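Here's a quick briefing to read alongside the model. Have the sequence and the 3D view open as you go.

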Amino acid sequence: MWRHSSENVGVSNIRYFSRHKGEILLTCCDDGRLYLWNANSAKHLATVRGHSGPVKSCVFSSDGELFASASHDRTVRIWSRSSTECTHILTGHSGSVETVSFSPDGQWLVSGGWDNRALIWRVQSGEMLEDLRGHTAAVQSSAFSSDSQFVATGSWDRTVRVWKLHGEKEVVTLQGHLGNVACVCFSVSGMLASGSWDGTVRVWLPTRHACLFVLGGCERVWVRSLAFSKDGLVLASTAEGDMVRIWDVTTGVCLKRLQGHKDSAYGCVFTPEGKLLTSGSEQLDVQEDEENNTEERSERWGSLHTGLDSKDDSLQRV
């Protein structure tokens, strides 16, 4: 028995704040707004307005003091969590901005979009520092390594690129996906996972230009979100359909398939302490007996021991 170690809605980070004794969930929507929630009580805390177009991505900084958003209006905004006021409006993209990510050290921000570029920004000043070019199609996903020295970008050109910041610009290009790369994430140990519209998740050692595992692929579904556990040994993935899958990245085996959503799961994230996994889906998750008739629902998996055990035969070793 495995035991867990310690497009109109997007779901982002949960952050724990000791003063509030609870987790805060950040979501974004095609209505141009961001929403802050108490993840324990599901209480709506604040609605944040400012973008003039759909918000495509949102993320908390590692200390939880700031959050950032990327929009179809071609801007990135940085916000104060405490006041929900916008501190910087970042302009530089010439098309919709699809992804935004903070570096773990809180100093840098990366954004990517339809102009095929990834831009690096200084968080404190809002100054653009680097313009990363090389993708031949839209940049849809991004993530920093745990040491904030590398950034990965996933593109509609079906590649993942890993860029070294603040030094020689050697770029690692990872190829193998047969569809747009919709999500990327680093583990604490330096592994990189990428999810694609081809229905697969690839786990890489980017420093060796090596693909360790190809996860899934039996069903042609879009992989929409990935999240490593705190120790980097477990990977969660969401895709079209109602499944959230839990993978052992040391073996490539699917350990659990968590069911509960009534529609495609769009996002997933582990809480910082690693005890909870939250996933979000579209409006078909509405429960008819809910008094507030909410149009989206987050499924909080308090225990990963429940669900379906699986030795998924779709594993491919590379």
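This is a predicted model: local features need pLDDT of at least 70, side-chain atom pairs count only at pLDDT 80 or more; totals for chains, interfaces and linings use all residues.

Buried means under 20% relative accessible area, exposed means over 50%, and partly exposed is in between, using a 1.4 Å probe on protein chains only. Residues are numbered from 1 along each chain as its sequence is written, and side-chain values use heavy atoms, with hydrogens and water left out.

**Aromatic pairs**

- Rings of Phe, Tyr and Trp (its six-membered ring) pair if their centres lie within 6.5 Å; planes under 30 degrees apart count as stacked, over 60 as edge-to-face and the rest as tilted.
- Searching the whole structure turns up five aromatic pairs.
- Take Trp-156 and Trp-197: the ring centres sit 6.0 Å apart with planes at 50°, so this pair is tilted.
- Trp-156 is in the loop between β14 (150-155) and β15 (160-164), and Trp-197 in the loop between β18 (192-196) and β19 (200-205), so the pair ties together parts 41 residues apart in sequence.
- Strands here (E, at least two residues) are DSSP runs, numbered from the N terminus.
- Trp-156 has 34% relative accessibility, so it counts as partly exposed.
- Phe-60, Phe-67 and Trp-79 make up one aromatic cluster.

**A four-stranded sheet**

- Two strands pair if DSSP finds at least two bridges between them.
- Four strands form an open sheet in the order β5-β6-β7-β8, and the pairing is antiparallel.
- At the edges are β5 (55-60) and β8 (86-91), each pairing on one side only.
- Strand β7 (residues 75-80) and β8 share five bridges in the antiparallel sense.
- Ile-78 has His-88 in β8 as its bridge partner.

**Ser-225**

- Ser-225 sits in strand β21 (residues 223-228), and it counts as buried because its relative accessibility is 10%.
- A polar atom of the Ser-225 side chain lies 3.1 Å from the backbone nitrogen of Cys-268.
- Leaving out residues up to four places away in sequence, Ser-225 touches (heavy atoms within 4.5 Å) several residues, including Cys-183, Tyr-266 and Cys-268.

**Positive phi outside glycine**

- Ala-42 has a phi near 65°, and is in the loop between β3 (34-38) and β4 (43-48).
- Ala-42 counts as exposed because its relative accessibility is 59%.
- Arg-158 has a positive phi of about 75° and belongs to the loop between β14 and β15.
- With 43% relative accessibility, Arg-158 counts as partly exposed.

How values were computed
A polar contact is a pair of N or O atoms within 3.5 Å; within protein, one must be able to donate a hydrogen and the other to accept it, and residues adjacent in sequence count only if both atoms are side-chain atoms.
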